[in-house]
Amino acid sequence: MFSTRLMGSAVAVLFILLYLTGWWVSREPAMLVDEIDQSRQQLGDSAIVGYNTTTALIRVSETLLDKNGGYLSNDVMPPFVLLDNMPAWELGVLEMSRDLALALRKDLSRSQSQSTENEFLKVAQPMFNIDHSSWAIPSAESEYRKAIAQLYLYRSELMDPARPDSQFYARADNLRDWLKAVEKRLGSYSQRLSASVGQDRLNTDLAGDATARQSTLTPANMMIKTSWWKLDDEFYEARGASWALLHFLKAVEVDFADVLERKNAMVSLRQIIRELEATQQAVWSPMILNGSGFGLMANHSLVMANYISRANAALIDLSELLTQG
């Protein structure tokens, strides 16, 4: 009898410890904007163009690996393998980081289409593309840390006038090309979140072009609905992507300040930042709810979709401003 009670108590204590560990590692990191700003201010006039954007990518990537519990997406041991919200958040952060790393490699660090690639970014960018769930030979963490090391080398050379091979070109066309990729990313999140209640959608794949063709036929009407089991994953992935994008846009606000002012686009950028800040409000519910559109229960996915859709609409307006002379 005594041994049975002792075993029951041990199991209860173990369960509580696992629960508390899962709660602790699932806490989202705080914003890093003040830290990045202080880093730039310490440099004073030495903080050259491109420093903020590169630093934002570095610090966001480091936080992905060094937050509470470290990187969880490829863990295979309990309780971490049982968690899904934080790995989904990590994937959102990673997707935005991959987009910016690609933009740095092919646009922001190159003057023209015929210019050569930066040697550090050429190595760093593919390393971000390893499967986020890879846990061995190589592990995702090891590849991401190697990429971060290359970003540090790129940033150091940016700040060295004696080594002009590394450059950052704050031009309207470079910024617009990256924003176009971000638009598609946010549009995807908005659609997936909105499908939490199910939507009967008309097929607009060919955009009304009578001469356009697609590989296989699809129905004229489609019912799109996110699985109940995936609702929280979609929510936290979008939340993580918004968290990372907030840092990148704050950095862009500094590095592209002259361009944005000249294009009368600074206010538009700040409005996007304000909409994304709303996505980071505390979630007071113990779980992500999926009430119907005008039902009694909240629908967290629709609220998140609203903020992201508004940010995406403002992004489209910002791209148009950057296109104008």
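Biologist: Which residues does Leu249 touch, not counting residues up to four places away in sequence?
Modeller: This is a predicted model, in which local features need pLDDT of at least 70, side-chain atom pairs count only at pLDDT 80 or more, and totals for chains, interfaces and linings use all residues. Residues are numbered from 1 along each chain as its sequence is written, and side-chain values use heavy atoms, with hydrogens and water left out. A contact is a pair of heavy atoms within 4.5 Å. With sequence neighbours up to four places away set aside, Leu249 touches Trp178, Leu179, Leu269, Ile272, Ile273 and Leu276.

Biologist: Is helix 10 roughly parallel or antiparallel to helix 11?
Modeller: Helix 10 covers residues 266-278 and helix 11 covers residues 300-323. The two pack with their axes 9 Å apart, at an angle of about 165 degrees (axes are fitted to C-alpha atoms over the stretch in contact, and angles run from 0 to 180 degrees between N-to-C directions). That angle is why helix 10 counts, relative to helix 11, as roughly antiparallel (over 145 degrees; under 35 is roughly parallel, 65 to 115 roughly perpendicular, the rest oblique).

Biologist: Which residues in helix 11 meet helix 10?
Modeller: On the helix 10 side, the contact involves Ser268, Leu269, Ile272, Glu275, Leu276 and Ala278. Their partners in helix 11 are Tyr307, Arg310, Ala311, Ala314, Leu315, Leu318 and Leu321.

Biologist: How is helix 7 directed relative to helix 11?
Modeller: Helix 7 spans residues 172-194. Helix 7 and helix 11 have axes 9 Å apart and pack at about 155 degrees. Therefore helix 7, relative to helix 11, is roughly antiparallel.

Biologist: Which residue does a cis peptide bond join to Ile137?
Modeller: Ile137 is in the loop between helix 5 and helix 6, and its phi is near 50 degrees, a positive value in a residue other than glycine. Ile137 is exposed, because its relative accessibility is 84%. The cis bond has an omega of about -10 degrees and joins Ile137 to Pro138.

Biologist: What is phi of Asn264 near?
Modeller: Asn264 sits in the loop between helix 9 (257-262) and helix 10. Asn264 is exposed, with a relative accessible area of 63%. Asn264 is a residue other than glycine with a positive phi, near 55 degrees.

Key:
Helix = DSSP H or I, 4+ residues; strand = E, 2+ residues; numbered from the N terminus. Buried < 20%, exposed > 50% of the residue type's maximum accessible area, 1.4 Å probe, protein only.
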